Amino acid sequence: MEMKDTLNLPNTDFPMKANLTQREPELLARWEKEKLYEKIRQSARGKPQFVFHDGPPYANGHIHIGHALNKLLKDFIVKIMNMKGFDAGFIPGWDCHGLPIEHQVGKKLKEKKLSLEKSEIRKQCRVYAQEFVGIQKEEFKRLGIFADWENPYLTMNFSYEATIVREFGKFVEKGLVYKGLKPVHWCTSCKTALAEAEVEHNEHTSPSIYVKFPVQSGIPQSVGVLNSEKLFMVIWTTTPWTLPANLAICLHPEFIYVAVAHGDDTYIVAEDRLSMLVSEWEWKDYKILGSCKGADWENAVCRHPFIDRESKVILGEHVTLEQGTGCVHTAPGHGQDDYIVGLKYGLEPYNPVDDGGVFRSDVEHFGGMFVRKANPEIIEKLRQDGFLIRDENIKHSYPHCWRCHQPVIFRATNQWFISMDKTDLRKNALDGIGRTKWIPQWGRDRIYSMIENRPDWCVSRQRSWGVPITLFTCNACGDFINSSDLFERIAGGVEKYGADFWFDSLPEELLPEGTVCQCGGKEFSREDDILDVWFDSGVSHVAVIEKNSELNWPADLYLEGSDQHRGWFHSSLLESIGTRGKEPYKSVLTHGYVVDGKGKKMSKSAGNVIAPQKIIDQYGAEILRLWVASENYREDIRVSNEILKRLTESYKKIRNTLRYLLGNLHDFDCKEDQVPVNEMLELDRYILHRFNILREKILTAYENYEFHVFYHSFSNFCIIELSAFYLDIIKDRLYTYPAKSRERRSGQTALHILLMGMVRLIAPILSFTAEEVWNHLPKNSVDEESVHMSQFLDPENVSFDENLVKKWEFLVELKGEVSKALETSRRDKIIGHSLDSIVKLELPDNFKAIVKNDELKYIFIVSEVVLVDSIGSEEKIFESDSLQGVKVFSEMHPGKKCERCWHYFEPDVKEGKANGEICSRCEDHLQTAGA
RNA sequence: GGGCCUGUAGCUCAGUUGGUUAGAGCGCGCCCCUGAUAAGGGCGAGGUCACUGGUUCAAUUCCAGUUAGGCCCA
């Protein structure tokens, strides 16, 4: 063991075992204590800005892995931009209003049998949201995300709420806001509108009837000559009570419709439904008289069976052949599809039913009747008048109220809308999409077609937890007051007291004295609805960026999941275009969804959910970070235990490589010991040349937000170029040469440059580990207290010309071929370690010219290399496939193994040097070191 | 049902502007080392490029359909 003590072996306190679950919280505590985020922000002042704008997650529940993916990608980008020399901050936000929270709170209050007063609900909702903001904040912080966690934006902050009021006011002023009818789920016993999430689907028995609508005019010629006197279109419905509101019959433009004669009458139904229908109706004799496409029936007109009104024949893609006749009874006031298709044909969302589900008195035959009570009456009337083909009862799934469990109805109610076309909002938004950079590119098409096809934006909700629609309606004429002064007055109140100001004040307090409507009316009603929460988050670009005088508007980047093309990207765009005529972002980056190891979505019921908290507890946040970096997030990305295990292995390799660099720099002071690059050994310059290539690749990848390129190229560099090649080769030099020798210092200089570059490159991704390395750097290496305050470095000029590159590419490949040859000797038990061998090498002339013999044995890590013109015809000669003409023969070295450097040598007894236990090279080194 | 996206070794990713034996790392198998040591090195085996048609002298790469999956709608 004596010889070992004469070597310069690696030595470092940097632990091999990461122990992330324990070390990460320590680092987090230190960062927080030292206010690192603030320091980074301060040192970035005056640099060019990169404005990233965080989309607000909903303040409900713990974060799931999708949240982690999203926020970590953002963290990578912000850290990268800072290290590239930009001024980039991260202001996190939360979406706080809305139904899910109101739901949770409603449940709690109900259980405790407390009052369900609106003001009490709102109060509780605020507490609830605040609680989850706190929970999620801690969970995000644990991931190592650097953000202004002390000053996040919350959509329920008073100032934010005031921004919402003001922004909505702008839409009102510009004349985009109007009141219209739209069908919504409605509970007739609670007398309230219900959101989709408040509806539960239960079994219900309904009538199922087929009804004849007499065709009045517009029979297409393509169907053939038909007698219009006794021609009927047949519809099917399970809600006879909606028939009084029937305004149209909808056909699919592409389906074939037949005219079928039965008895004296002729009926129009879809061809593909006919066989089902005739068996259901028990028809024996019938005859097809003609047929044509649905599109040909457009503009035909039918007569309502019991009301003196026309029923137009219209076309719609939503018509299916699964049930019914292919001719769909359409009541735009009572159905979603009916409403949408009705908009196209200018049909009003006619609703003859009041809040309690009772027909208004002006409804012929059935006025004053409750809708479900009216069902049998309507059927009877149809039967008597000869318009009923068949009726029976069916059991099917039907929406019920989540609170009282009664069946609900669909009913047109007054809602507030933002018009897409009155002032070209749609057109301008589409132009804005064209000016924005969408990554990946297909995002553009996705949002474009959504904006292109969407109906007007319905912004009202009949709920409590949100920002009110601050409008007053004149009781006399029904118009609303459009006054910017009034809006500002209310916004000011909201800024001071929150949105409760609107609900808790009396109308007289809100309205200036003597307010008079244009019609002369003096009495007004205060709007009770709240705004769609998408409007809330849609104004974040104003509340967070525009109102912040230090930030440039619009944002450089939005980054969310691809679902936000319909969500936040969409609402933010409409808001910004509608009020400012310009899009709120320059570029929009989307990521896919996290799915399980088999590519299936994660769900509680499938039992395949992987929680980020569990990954952190088991592996550490660093592994989660590395996972995000390792996958191509533009598509859906997978997570599984296998994947995480592999990443842990990969992490260890990176960590150990860095540790080895640190270990060999324990006695290196870069101020004193650094060798100028142009004086360094060729091999050392070669690895720096390779590192320059790697760095450029990674920085380009960072610029394109392609983090998986970092992961692959960086870990490959550690494994292939460093561990298996460079570091393996220079061990001999680092360990056996005198500590202060030029050769050793040259190698250490290379290691130091590598380490300084590498620790910065990994910092945005492996933020914990990079900091840990930073804390173990040899003296005089850096000035900054944290790696996260440092910048990426410029490449080292190693002047490695084309010829040198060619030479070293050849040497790398040649080393591989020699390894193969050694492996056969190893199989044959001739050698164990590669240093046991002496290698004979035959090279073609073109290669012979570029290599120097004395460097080869160190590169191959063998004891001796003999270059020969012809290797002879011995057995077991290895001939290379990839390097034409290269032949290798390896055998056991006949000399003695040096106890110190493990190279074999021929003892020179005559000289009497030592006693032949160590080689002359080591003799010299020991002497130099000792002197 | 519609729009958009995706399917290359066990895992994560390259790649082919259509053209000889489709690449990398990890993992796996075998071996070496014990001076990075709960480390390090070497060699090797793994793929009908989701499936089926079409275009072409030639397709994993282009087109169409099918299938499996994802997001958003209905």
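This is a predicted model: local features need pLDDT of at least 70, side-chain atom pairs count only at pLDDT 80 or more; totals for chains, interfaces and linings use all residues.
Tutor: Residues are numbered from 1 along each chain as its sequence is written, chains are lettered from A and ligands numbered from 1 in the order in which they are written, and side-chain values use heavy atoms, with hydrogens and water left out.

Student: What makes H20 roughly parallel to H25?

Tutor: Helix H20 (residues 641–663) and helix H25 (residues 767–774) pack at an angle of about 15°, and their axes are 11 Å apart. That angle makes H20 roughly parallel to H25, because angles under 35 degrees count as roughly parallel, over 145 as roughly antiparallel, 65 to 115 as roughly perpendicular and the rest as oblique. Axes here are lines fitted to C-alpha atoms, for helices over the stretch in contact, and angles run from 0 to 180 degrees between N-to-C directions. Helices (H or I, at least four residues) and strands (E, at least two) are DSSP runs, numbered from the N terminus.

Student: Which residues of H20 and H25 meet?

Tutor: From H20 come Tyr651, Arg655, Leu658 and Leu662, and from H25 come Thr769, Glu772 and Val773. Contact means heavy atoms within 4.5 Å. By class, this contact of H20 with H25 has four nonpolar, one polar and two charged residues. Ala, Val, Leu, Ile, Met, Phe, Trp, Tyr, Cys and Pro count as nonpolar, Asp, Glu, Lys and Arg as charged, and the others, Gly among them, as polar.

Student: Why are H19 and H20 called roughly perpendicular?

Tutor: Helix H19 (residues 621–630) and H20 pack at an angle of about 100°, with 10 Å between their axes. H19 and H20 are therefore roughly perpendicular to each other. Glu622, Ile623, Leu626, Trp627 and Ser630 of H19 make the contact with Ile643, Leu644, Leu647, Thr648 and Tyr651 of H20. These residues divide into seven nonpolar, two polar and one charged.

Student: How do you know how H10 lies relative to H17?

Tutor: Helix H10 (residues 425–435) packs with helix H17 (residues 568–580) at an angle of about 110°, the axes being 9 Å apart. That makes H10 roughly perpendicular to H17. On the H10 side are Leu425, Asn428, Ala429, Gly432, Ile433 and Arg435, which meet Leu573, Leu574, Ile577 and Gly578 in H17. The contact of H10 with H17 has six nonpolar, three polar and one charged residues.

Student: Why is aspartate 673 called buried?

Tutor: Aspartate 673 has a relative accessible area of 17%, so it is buried. Buried means under 20% relative accessible area, exposed over 50%, and partly exposed in between (1.4 Å probe, protein chains only). Aspartate 673 lies in helix H21 (residues 670–673). Not counting residues up to four places away in sequence, aspartate 673 touches Asp667, Phe668, Arg745 and Thr749.

Student: Asparagine 19 or lysine 191: how is each classed by accessible area?

Tutor: Asparagine 19 has a relative accessible area of 30%, so it is partly exposed. Lysine 191, with 51%, is exposed. Asparagine 19 lies in the segment before helix H1 (20–33), and lysine 191 is in the loop between strand S4 (177–187) and strand S5 (192–194).

Student: Which peptide bonds are cis?

Tutor: One of them runs from isoleucine 439 to proline 440, with omega near -5°. Another joins tryptophan 553 and proline 554, with omega about 0°. Proline 440 lies in the loop between strand S17 (437–439) and helix H11 (442–453).

Student: What makes a group of residues a nonpolar core?

Tutor: A nonpolar core is a set of buried Ala, Val, Leu, Ile, Met, Phe, Trp, Tyr and Cys residues joined through side-chain atoms within 4.5 Å. The largest one has 152 residues, and those with the most contacts inside it are Trp627, Phe707, Tyr726, Leu754 and Met758. Helix H23 (residues 707–736) gives the most to this core, with 14 residues. Apart from it lies another core of 61 residues, including Leu226 and Phe255.
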